[in-house]
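Hi,

Here is the structure I promised to pass on. Have a look at it first, then read my notes below.

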Amino acid sequence: MRTAICTLSEGNYHYGVGALINSLLSNQFNGDFFIGYRGNLPKWVKNAVKTEMDGWNNVTKMMLQNGSSIYFFSLDTTSHFTNYKPQFLIQLTSTCCRVYDAIAYFDPDIVVCRNWTYFEDWMQYGVAVVHDIITNDMPITHPLRQQWKHIAKQCNQEIYHSIDSYINAGFCGVQKSFWSFLSLWQLYVEYGENHFQSDSTQFMTYDRPFPFRSLDQDSLNIALMTFEKKISELGPEAMGFVHGVHAMAHAVGKNKPWSKSYIKSFLYGHPPSYADKMFWYYTNKEIFMYHELYVFFIRKYLLLLSFFARFYSKK
């Protein structure tokens with residue numbers, strides 16, 4: 001299966017993009033990457049050239065040693081990138097990525113921890129998604145789902161899946177026969193904007209029980225309920241939120257592995273997380289983002305803090 005990997009990045013999230021690409025290459029992914037960005041290109045981009053692509057202007061291409069290509073798309077949008085996901089995916093699949101068999105979106109604070117064949121097999125079973133750790137238990141009778149069912153009806157959509165968990169929008173893998181799902185996801189993003197005044201320029205708006213508090217993620221959940229074809233869910237362990245089989249490590253929250261004060265977190269009783277350790281494990285592989293001595297120091301530093309956390313933590 002020929003899969004296009006895509007993500008969206010701005011500011012210092014380019015560190016996460018580099019680690020994401022490294023993790024995929026280390027786990028036998030052999031394909032191309034499509035990065036939407038705002039601002040400047042990452043400093044780790046080397047020997048890049050401007051190129052033309054179907055339906056796109058201002059594209060920069062970087063070749064990797066294994067033959068993979070990274071395409072950087074300079075985006076002009078006022079939307080917060082978290083709310084731009086389905087639109088970006090639709091644009092890609094209708095232009096330069098239409099020759100691919102599947103497309104997989106990863107947030108730039110995720111790294112992959114399992115062989116890529118695991119993801120290919122997973123996407124064969126339907127739209128591949130992962131349960132969130134917060135509000136994970138959300139049965140079909142949940143008041144929020146009842147609101148979403150009403151919204152689906154207003155959009156002339158039927159309910160096809162009784163989903164019992166809230167889905168995290170940090171990852172979505174879609175094979176070509178299911179690409180119509182992306183338009184459904186975008187439909188609800190636009191509905192939230194137009195009918196609930198959900199602000200697409202913000203990461204989150206209002207609070208519960210507002211049905212579009214997290215515009216992209218709530219829209220994703222409604223789309224999964226109303227998609228007439230197959231979906232395939234994994235539990236929160238797939239993103240490393242709880243113990244189990246980890247397919248990814250997702251560094252949720254404001255403090256990202258590349259900007260976190262580890263000693264401050266430790267003193268507050270929070271040892272280095274699984275996502276922290278995996279980010280630094282994949283930091284310098286195909287793409288080098290830091291001096292090797294600095295990475296060596298950070299890795300040992302995290303091991304030391306993890307050891308002391310056996311005796312000092314909130315757990």
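Strand 3 and strand 4 (residues 56-63) run antiparallel and are joined by four bridges. (Helices and strands here are DSSP runs, H or I of at least four residues and E of at least two, numbered from the N terminus; two strands pair if DSSP finds at least two bridges between them.) Lysine 50 has threonine 60 in strand 4 as its bridge partner, and methionine 53 has tryptophan 56. The two strands form a hairpin with two residues between them, and glycine 55 in the turn has a positive phi of about 85°.

Before you go further: this is a predicted model, where local features need pLDDT of at least 70, side-chain atom pairs count only at pLDDT 80 or more, and totals for chains, interfaces and linings use all residues. Residues are numbered from 1 along each chain as its sequence is written, and side-chain values use heavy atoms, with hydrogens and water left out.

Six of the seven residues in strand 2 (residues 32-38) are buried, meaning under 20% relative accessible area, with exposed over 50% and partly exposed in between (1.4 Å probe, protein chains only). Strand 2 pairs in the parallel sense with strand 1 (residues 3-10) over seven bridges, and glutamate 10 stands opposite arginine 38 there. It also pairs in the parallel sense with strand 5 (residues 69-74), over five bridges; phenylalanine 33 has isoleucine 70 as its bridge partner in strand 5. Strand 1, helix 1 (residues 14-26) and strand 2 make a right-handed β-α-β unit (right-handed if, with the strands pointing away from the viewer, the path from the first strand over the helix to the second runs clockwise).

On to the rings. Rings of Phe, Tyr and Trp (its six-membered ring) pair if their centres lie within 6.5 Å; planes under 30 degrees apart count as stacked, over 60 as edge-to-face and the rest as tilted. By this rule there are 38 aromatic pairs. In one of them, tryptophan 148 and tyrosine 166 have ring centres 6.2 Å apart and planes at 25°, so the pair is stacked. Tryptophan 148 lies in helix 4 (residues 143-154) and tyrosine 166 in the loop between helix 4 and strand 9 (167-175), so the pair ties together parts that are 18 residues apart in sequence. Both residues are buried. Ring pairs also link a cluster that includes Phe29, Phe33, Trp116 and Phe171.

Arginine 2 lies over the face of tyrosine 100, at 4.2 Å from the ring centre, and arginine 38 over that of phenylalanine 81, at 4.0 Å.

Last, the cysteines. The structure holds zero disulfides, taken as cysteine sulfur pairs within 2.5 Å. The closest cysteine sulfur to that of cysteine 6 is in cysteine 97, 7.2 Å away and too far for a bond. Cysteine 172 is in no disulfide either, with the sulfur of cysteine 6 nearest at 9.3 Å. Cysteine 6 counts as buried, at 1% relative accessibility, and cysteine 172 counts as buried at 1%.

Cheers

Note on methods. A charge sits over a ring if NZ of Lys or CZ of Arg is within 6 Å of the ring centre and within 35 degrees of the ring normal.
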